[in-house]
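Please examine the sequence and the model shown below.

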Amino acid sequence: MKTYGKIDSFKKMNIKVILNDKDVIYEGNVDDAPANIKEMHYVKASLGKVTEIYVYNEHD
């Protein structure tokens, strides 16, 4: 599965990080996200008022 940049590249945006298409692991401003969330590489993103960012476990 191709991954793209890190989540912290979405500066000053409200985001919802979705793990494995089902679990919301973070919701809020990207600048306030914990460091481990900011370092994750995303697979896809749906831009909107709240940008949905999809990440997956590396072993799946």
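Two strands are taken to pair if DSSP finds at least two bridges between them. The model to which this rule is applied here is a predicted one. Strand E1, residues 14–19, and strand E4, residues 51–55, meet this description: 5 bridges join them, and they run in the parallel sense. Within this pairing, Lys16 has Glu52 of E4 as its bridge partner.

The pair belongs to a wider arrangement. An open sheet is formed by 4 strands in the order E2-E1-E4-E3, with mixed pairing. At its edges lie strand E2 (23–29) and strand E3 (44–46), each of which pairs on one side only. On average, neighbouring strands of this sheet are turned by 20° against each other, direction ignored.

The contacts may be considered next. Among contacts between residues at least 6 apart in sequence, 53% join residues at least 24 apart.

Finally, the overall dimensions deserve attention. Along the principal axes, the C-alpha atoms fill a box of roughly 30 × 20 × 20 Å. The radius of gyration is 10 Å, which agrees with the value near 10 Å that a compact globule of 60 residues would have. Of these 60 residues, 30% count as buried, where buried means under 20% relative accessible area. The protein exposes about 4,100 Å², and carbon and sulfur atoms supply 48% of that area.

Key. Residues are numbered from 1 along each chain as its sequence is written. This is a predicted model: local features need pLDDT of at least 70, side-chain atom pairs count only at pLDDT 80 or more; totals for chains, interfaces and linings use all residues. Side-chain values use heavy atoms; hydrogens and water are left out. Helices (H or I, at least four residues) and strands (E, at least two) are DSSP runs, numbered from the N terminus. Axes are lines fitted to C-alpha atoms, for helices over the stretch in contact, and angles run from 0 to 180 degrees between N-to-C directions. The radius of gyration is taken over C-alpha atoms; the globule rule is 2.2 Å times the number of residues to the power 0.38. Buried means under 20% relative accessible area, exposed over 50%, partly exposed in between (1.4 Å probe, protein chains only). Contact means heavy atoms within 4.5 Å. Accessible areas come from the Shrake-Rupley method with a 1.4 Å probe; for residues, only the protein chains shown count as cover.
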